[in-house]
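User: I would like to go through this model and see what the terms used for it rest on. Please set each value against its cut-off.

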Amino acid sequence: MAKKIAGYLKLQVPAGNASPSPPIGPALGQRGLNIMEFCKAFNAKTQEMEKGAPIPVVITIFQDKSFTFDMKQAPVSYFIKKAAKLKSGSKAPGKETAGKISAKQVREIAEAKMQDLNADTIDSAMRMVEGSARSMGIEVQG
């Protein structure tokens, strides 16, 4: 018989840096989950990824206090800032340009995020990435 699901928890955790400190510890602790078990499992799964990249995680919590988790790719904004070599986007998008990325970089980001995006083709995924870049005040060239 399948386990009964008690709920879901969404967190954004830096790759390879899960620790029982906030926000992870309190979020898992108040639901009665083993915090160290999650931290060890998450860090083991993300050891091949770039350290510190924000990884969205959906934790499925079962009634017997066990859990499973699914990881997604880092947010598009993270990839865009990394490609443009910026710490943050423009303070006034549409008026100020914070940086520039090439169409080739947009394609690479779209290919990396394709499984998480709501897009059928790489071209529609690229348009989504371009829209995110524009909303951050980053110009797409090409």
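Analyst: The model is predicted. In it, Phe38 touches Ile24, Leu28, Val57, Ile59, Phe67 and Phe69, leaving out residues up to four places away in sequence. Phe38 is also among the residues that touch the most other members of the largest nonpolar core, together with Phe42, Val57, Ile59, Ile80 and Ile101.

User: Which elements supply at least two residues of this core, and which gives the most?

Analyst: The core has 38 residues. H3 gives the most, with six residues.

User: Why is Thr46 called buried?

Analyst: Buried means under 20% relative accessible area. Thr46 has a value of 0%, so Thr46 is buried. Thr46 lies in the loop between H2 and S2, and is in contact with Ala15, Gly16 and Met71, leaving aside neighbours within four places in sequence.

User: What does the side chain of Thr46 reach, and at what distance?

Analyst: It reaches the backbone oxygen of Phe42 at 2.9 Å. The cut-off for a polar contact is 3.5 Å, and 2.9 Å is within 3.5 Å, so the distance meets it.

User: How do you know that the span of H5 is close to the expected one?

Analyst: H5 has 14 residues and reaches 20 Å from its first C-alpha to its last, against 20 Å expected at 1.5 Å a residue.

User: Which residues of H5 are buried, and what covers them?

Analyst: Ser124, Ala125, Met126, Val129 and Ala133 are buried. Their cover includes H3, S4, H4 and S5.

Terms used: Residues are numbered from 1 along each chain as its sequence is written. This is a predicted model: local features need pLDDT of at least 70, side-chain atom pairs count only at pLDDT 80 or more; totals for chains, interfaces and linings use all residues. Side-chain values use heavy atoms; hydrogens and water are left out. A nonpolar core is a set of buried Ala, Val, Leu, Ile, Met, Phe, Trp, Tyr and Cys residues joined through side-chain atoms within 4.5 Å. Buried means under 20% relative accessible area, exposed over 50%, partly exposed in between (1.4 Å probe, protein chains only). Helices (H or I, at least four residues) and strands (E, at least two) are DSSP runs, numbered from the N terminus. Contact means heavy atoms within 4.5 Å. The expected span of a helix is 1.5 Å times one less than its number of residues. A polar contact is a pair of N or O atoms within 3.5 Å; within protein, one must be able to donate a hydrogen and the other to accept it, and residues adjacent in sequence count only if both atoms are side-chain atoms.
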